[in-house]
Amino acid sequence: MSPRSYQVRTFGCQMNVHDSERIAGMLEAAGYVPAATDVTPDVVVFNTCAVRENADNRLYGNLGQMYPAKKHHPGMQIAVGGCLAQKDRATITERAPWVDVVFGTHNLHRLPVLLERARHNAAAEVEIVEALEVFPSALPSRRSTHHSAWVSISVGCDNTCTFCIVPSLRGRETDRRPGDVLAEVEALVADGVIEITLLGQNVNSYGRSLGDPGAFAKLLHACGTIDGLERVRFTSPHPRDFTDDVIEAMAATPNVCPQLHMPLQSGSDAVLRRMRRSYRQERFLGILERVRAAMPHAAITTDIIVGFPGETETDFADTLHVVREARFAGAFTFQYSARAGTPAAAMDGQVDPAAVRDRYERLVAVQDEISWVGNRALVGQPVEVLVVEGEGRKDAATGRRSGRARDGRLVHLGAPSATLIRPGDVVRTAVTRGAPHHLVADGPLLAHRRTRAGDLWEAERERPAAAAAAGAPTLLGMPALRR
């Protein structure tokens, strides 16, 4: 019999993307193969998010679309995992009885067993546990790229933000030991990775459960000693725990990128208090001032929620003030979305949706102009770009390549360069145009360095389809090369 095929569909944050790589790795270790794009998979896994209000509708809409496919494909299985599965549990099989497996955020490793049990018993398997059983980084992985990788340093969150449902679904923070993190990074670099992103719900509190509050700064310094590791990023920090030793480590460690994502959420002290965010406007702007003093060219991005319960026009004006003072390179902006089970959902003063939309549009307009001014100021400046596949959504149509600068900005390269460079290669060029959300560098390349990651991408493209489908075993406990 031919091996069963699978497809993983991911919604939500970087942590979910990282978990999906582990899900794919486990399925391949159990003998499954990735489904071809023109073939109905034998197993479809939905890795869900519960942060936004429409997460439920999005999931059940997708499950509804899968029902006809399952009827016409005997033996097909559908599994639902992630935060929404942890939250809704048995509700999923009640609303979509054609789902075969429901698993939570704490028991990813159980998916292959649950799929097999559901097949054997011809009945849905729902298994949700309340505490982490196996750290995800101990599981096999199938990465989506050769050149970049996520490295989880912790899971869970100890914060109590009133708008956020994540702590109740991911559990309390659990930190990995630094030696385990660095061993994984070294293994990734040996596999051709040149860029890693340290991942946690709150990276700045890393080490607290290990009795070492300064562990995150030490980890950044240690990453700087790994030969072949060219870029180090991290997400997400929290202003409450962001300390000067981290700023010093960022500035002093050459491979730590001059990029910082610092969630603001609101510029109003009154709203921050209701959000239970334990910093205020002055502290937030002070952090940015110290970061720029140490790294003048750092690109700082943020998250902002508009329309939190009780937000007044004065509160919103405070947010606009901070945005103008902060000069963010970019911002992920959200209209407040009530999530059942969070304190904010039951607060008085829910803001009229029309007012929320108006404030959102005004905020986006202000931030776009700030981003555009900042990007236009880079015209003529040299930029080092790690070429990345899939970042430029129009690349296939335009024949160009795109990638990320060291500060995280998206850079579109000129079309003539596309035949010369590969995803994973590093090029140096000059910015010719700045747009609100990206840079353009359509002039000649100043330098082009071919990397092992690019070699691996090229070899994968040349490998016959049958060999690519068969692949090689995924290594248990360490990330493996993409196949």
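This is a predicted model: local features need pLDDT of at least 70, side-chain atom pairs count only at pLDDT 80 or more; totals for chains, interfaces and linings use all residues.
1. Aromatic pairs. The structure contains seven aromatic pairs. One of them joins Phe 284 and Phe 328, whose ring centres are 6.2 Å apart with 65 degrees between the planes, an edge-to-face arrangement. Phe 284 belongs to helix H11 (residues 281-294), while Phe 328 sits in the loop between helix H12 (313-326) and strand S15 (330-335). The two parts are 44 residues apart in sequence, so this pair ties them together.

2. Burial of that pair. Are Phe 284 and Phe 328 buried or exposed? Phe 284 has a relative accessible area of 0% and is buried. Phe 328, at 1% relative accessibility, counts as buried because the cut-off is under 20%.

3. Phe 308 and Tyr 336 have ring centres 5.4 Å apart and planes at 75 degrees. Edge-to-face applies to planes over 60 degrees apart, so this pair falls in that class. Phe 308 is in the loop between strand S14 (299-306) and H12, and Tyr 336 is in the loop between S15 and helix H13 (353-376). The pair thus links distant parts of the chain, 28 residues apart. Both residues, Phe 308 and Tyr 336, are buried.

4. A ring cluster. Which residues do ring pairs link into a cluster? They are Phe 163, Phe 308 and Tyr 336.

5. Arginines over rings. Two contacts of another kind deserve a note. Arg 95 places its charged end over the ring of Tyr 60, at 3.7 Å from the ring centre. Arg 376 lies over the face of Trp 372, with 4.7 Å to the ring centre.

6. Strand S4. How many of the six residues of strand S4 (residues 77-82) are buried? Six of the six are, so the strand is largely enclosed by the rest of the structure. Side chains in a regular strand alternate between the two faces of the sheet. In S4, Gln 77, Ala 79 and Gly 81 point one way, and Ile 78, Val 80 and Gly 82 point the other way. Residues of both sets are buried.

7. Neighbours of S4. Strand S3 (residues 43-48) pairs with S4 in the parallel sense over six bridges. Strand S5 (residues 101-103) also pairs with S4 in the parallel sense, over two bridges. Ala 79 of S4 takes part on both sides: Val 45 stands opposite Ala 79, and in S5 the bridge partner of Ala 79 is Val 101.

Terms used
Residues are numbered from 1 along each chain as its sequence is written. Side-chain values use heavy atoms; hydrogens and water are left out. Rings of Phe, Tyr and Trp (its six-membered ring) pair if their centres lie within 6.5 Å; planes under 30 degrees apart count as stacked, over 60 as edge-to-face and the rest as tilted. Helices (H or I, at least four residues) and strands (E, at least two) are DSSP runs, numbered from the N terminus. Buried means under 20% relative accessible area, exposed over 50%, partly exposed in between (1.4 Å probe, protein chains only). A charge sits over a ring if NZ of Lys or CZ of Arg is within 6 Å of the ring centre and within 35 degrees of the ring normal. Two strands pair if DSSP finds at least two bridges between them.
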